[in-house]
Amino acid sequence: MRQLPALPDSPHFLGCKEGSPATVSFSAHDAAGQDSSDSELELSTVRHQPEGLEQLQAQTKFTKRELQSLYRGFKNECPSGLVDEDTFKLIYSQFFPQGDATTYAHFLFNAFDADGNGAIHFEDFVVGLSILLRGTVQEKLKWAFNLYDINKDGYITKEEMLAIMKSIYDMMGRYTYPLLREEAPLEHVERFFQKMDRNQDGVVTIDEFLETCQKDENIMSSMQLFENVI
């Protein structure tokens with residue numbers, strides 16, 4: 001049976017070109033090879049204008065040339081300068097046609113939508129991308145904790161974890177082999193809490209999450225995937 005990911009396997013930006021939704025993958029290597037003749041981000045044709053290039057450089061671990069290349073791709077696929085949740089769900093579902101990715105896409109969208117305004121702007125995209133690709137282990141794990149902490153109260157509850165697990169199982173599809181048992185998500189959550197909830201108070205804090213993940217070889221290996229895909 002394909003092992004279900006404890007963390008999202010690969011961060012994708014989901015484009016939103018009007019009339020022709022498309023999936024766009026950006027590579028840091030490709031970005032570095034782009035023409036760097038433009039001294040600043042081109043902002044004239046978008047309705048949402050991102051922050052200045054220097055400010056984004058300070059917020060991320062991308063170079064000026066990489067940011068320019070990423071922005072050109074973002075603007076080409078999303079002329080409005082933002083991605084709303086409905087579009088994100090629609091495009092993300094193309095990755096998992098055998099299942100229902102709607103609910104997981106909702107959680108993932110909220111993790112990228114850092115300011116909670118209902119849209120992913122270019123700033124949200126590159127800041128999250130920078131963490132997933134080039135962040136420290138702790139930065140990546142904090143991003144994952146934020147994904148699981150659905151109500152953003154600083155704790156992961158069993159109910160939140162179960163909602164995430166069910167959404168992952170739904171996304172993987174009902175036609176996996178061998179067939180997934182209905183109680184599998186709950187069993188996954190119970191194993192998770194046995195490892196993470198050190199003081200057995202029914203919730204997992206960021207400190208418990210970080211400590212346990214960094215001692216788990218399987219989780220640490222999964223973090224390396226972020227460095228190789230985008």
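Tutor: The expected span of a helix is 1.5 Å times one less than its number of residues, where helices (H or I, at least four residues) and strands (E, at least two) are DSSP runs numbered from the N terminus. What we read here is a predicted model, in which local features need pLDDT of at least 70 and side-chain atom pairs count only at pLDDT 80 or more, while totals for chains, interfaces and linings use all residues. Residues are numbered from 1 along each chain as its sequence is written, and side-chain values use heavy atoms, with hydrogens and water left out.

Student: How many helices and strands are in the protein, and what span should helix 6 have?

Tutor: The protein has 11 helices and six strands. Helix 6 (residues 122-134) has 13 residues and should therefore span 18 Å, which agrees with the 17 Å between its end C-alpha atoms.

Student: Which residues of helix 6 are buried?

Tutor: Buried means under 20% relative accessible area, exposed means over 50%, and partly exposed lies in between (1.4 Å probe, protein chains only). By that rule 10 of the 13 residues of helix 6 are buried, so the helix is mostly covered; among them are F122, F125, V126, L129, L132 and L133, together with the acidic E123 and D124. Of the 230 residues of the protein, 46% count as buried.

Student: How is a pair of aromatic rings described, and how many does the structure hold?

Tutor: Such a pair is described by the distance of the centres and the angle of the planes. Rings of Phe, Tyr and Trp (its six-membered ring) pair if their centres lie within 6.5 Å, and planes under 30 degrees apart count as stacked, over 60 as edge-to-face and the rest as tilted. The structure holds 12 aromatic pairs. One of them is the edge-to-face pair of Y71 and F122, with 5.0 Å centre to centre and 75° between the planes. Y71 lies in helix 3 (residues 64-77) and F122 in helix 6, so this pair ties together parts that are 51 residues apart in sequence. Y71 is buried, with a relative accessible area of 3%, and F122 is buried at 1%. Y92 and Y104 form a tilted pair, 6.2 Å centre to centre with 40° between the planes, which links Y92 in helix 4 to Y104 in helix 5 (residues 102-112). Ring pairs also link F88, Y92, F95, F96, Y104 and F109 into a cluster.

Student: What is the phi of K152, and what is that of Q200?

Tutor: Most residues other than glycine have a negative phi. K152, however, has a positive phi of about 60°, and Q200 has one near 55°.
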